Amino acid sequence: MVELFANSLFTGFAQSSLMGQAIVLVQILASVVMLAIGIGKWRQLSQVNTLTRRVSRDVMGGRDVLEYYLARHPSSHSAVEMIYAGTCERLLKLLTPDVRSLLVGRQEGVAAALTQHEMGLVKALCEHILDEEEIRIEKGMGLIATVVALAPMLGLLGTVWGVLDAFADMGAAGSATIATMAPAISSALVTTVVGLLVAIPGVCLHTNLNSKLRGIISDMEGFADDLMGRIAYEFQSNRRDI
């Protein structure tokens, strides 16, 4: 049955007009691009998910919020490390040089504190980096959604175009029989079939990737909230804002 279906598609493609064949080739090319992006995106999200959970555990499991930053120097290869490293850099820059040098030197009992305004600056940068990283990991999803939406529409365009040509040919010939109409209509439907064959797995791919993406973004936002909460606890408990 699959072989019969494939033969019907191939025969219909061979009998299609140049417009129909061009649309089918565009749909196939778009499906290849979509599949390549989808595979790459799946690997990227899997890696980001693993790194997010590992870095979150290591950062929150340290004796203080700066321990991971000062001891391991985040490589910034992952989104959560970008958030953490940028936030820690802003935090250290807001401290006085003496206090900063003591913290970097891991001196015990250092009284470091930030005002409400300084905490606002740290939080603003943390949220800004978070937004940038969310946009970065979402890159490519729009192209997959575009292919999913346009593939059946291009197929419908090819079908309507093919039917239009078929009726024009029949009008010019002055006759309309099943024998003359069937091949033309069959070839016109090929673009719609190919469009659906591209769109249906594309919808499944986009849905699964989007679900994985939402989970990662939720973890990133949770990490940013926990990070700012710990910074507030460690650097605002020693001094009241005036």
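1. Glu133 and Arg136 stand three residues apart in helix H6 (residues 116-138), so about one helical turn separates them. Their side chains meet in a salt bridge, with an N to O distance of 2.6 Å. A salt bridge here is a side-chain nitrogen of Lys or Arg within 4 Å of a carboxyl oxygen of Asp or Glu. Glu133 is buried at a relative accessible area of 5%, whereas Arg136 is partly exposed at 38%. Buried means under 20% relative accessible area, exposed over 50%, and partly exposed in between (1.4 Å probe, protein chains only).

2. The model is a predicted one: local features need pLDDT of at least 70 and side-chain atom pairs count only at pLDDT 80 or more, while totals for chains, interfaces and linings use all residues. Residues are numbered from 1 along each chain as its sequence is written, and side-chain values use heavy atoms, with hydrogens and water left out.

3. A salt bridge also joins the side chains of Glu234 and Arg230, at 2.8 Å from N to O. Both residues lie in helix H8 (residues 178-235), four residues apart, or about one turn of the helix. Glu234 is buried, with a relative accessible area of 19%, and Arg230 likewise counts as buried, at 15%.

4. Which residues are linked in a network of salt bridges? They are Arg54, Arg57 and Asp58. Arg57 counts as exposed, at 53% relative accessibility. The count of salt bridges comes to six.

5. Lys41, Gln44 and Leu45 in H2 are in contact (heavy atoms within 4.5 Å) with Arg136, Ile137 and Glu138 in H6. By class, this contact has two nonpolar, one polar and three charged residues. For these classes, Ala, Val, Leu, Ile, Met, Phe, Trp, Tyr, Cys and Pro are nonpolar, Asp, Glu, Lys and Arg are charged, and the others, Gly among them, are polar. Two packed helices are described by the angle and the distance between their axes. The axes of H2 and H6 come within 10 Å and cross at roughly 145°; such axes are lines fitted to C-alpha atoms, for helices over the stretch in contact, with angles running from 0 to 180 degrees between N-to-C directions.

6. A nonpolar patch on the surface is formed by Met19, Val26, Leu150, Met153, Leu154, Leu157 and Trp161, with about 600 Å² of accessible area together. Helix H2 (18-60) and helix H7 (141-173) are the elements that give two or more residues to the patch, and the largest share, five residues, comes from H7. Leu150, placed in helix H7, is partly exposed at 42%. Patch residues have over 30% relative accessible area and no salt bridge; like charges are joined within 9 Å, and nonpolar side chains (Val, Leu, Ile, Met, Phe, Trp, Tyr) within 5 Å.

7. As for the whole chain, it has eight helices and zero strands. Helices (H or I, at least four residues) and strands (E, at least two) are DSSP runs, numbered from the N terminus. Of the 242 residues, 37% count as buried. Among contacts between residues at least 6 apart in sequence, 81% join residues at least 24 apart. The accessible surface comes to about 13,800 Å², of which 64% belongs to carbon and sulfur atoms. Accessible areas come from the Shrake-Rupley method with a 1.4 Å probe; for residues, only the protein chains shown count as cover.
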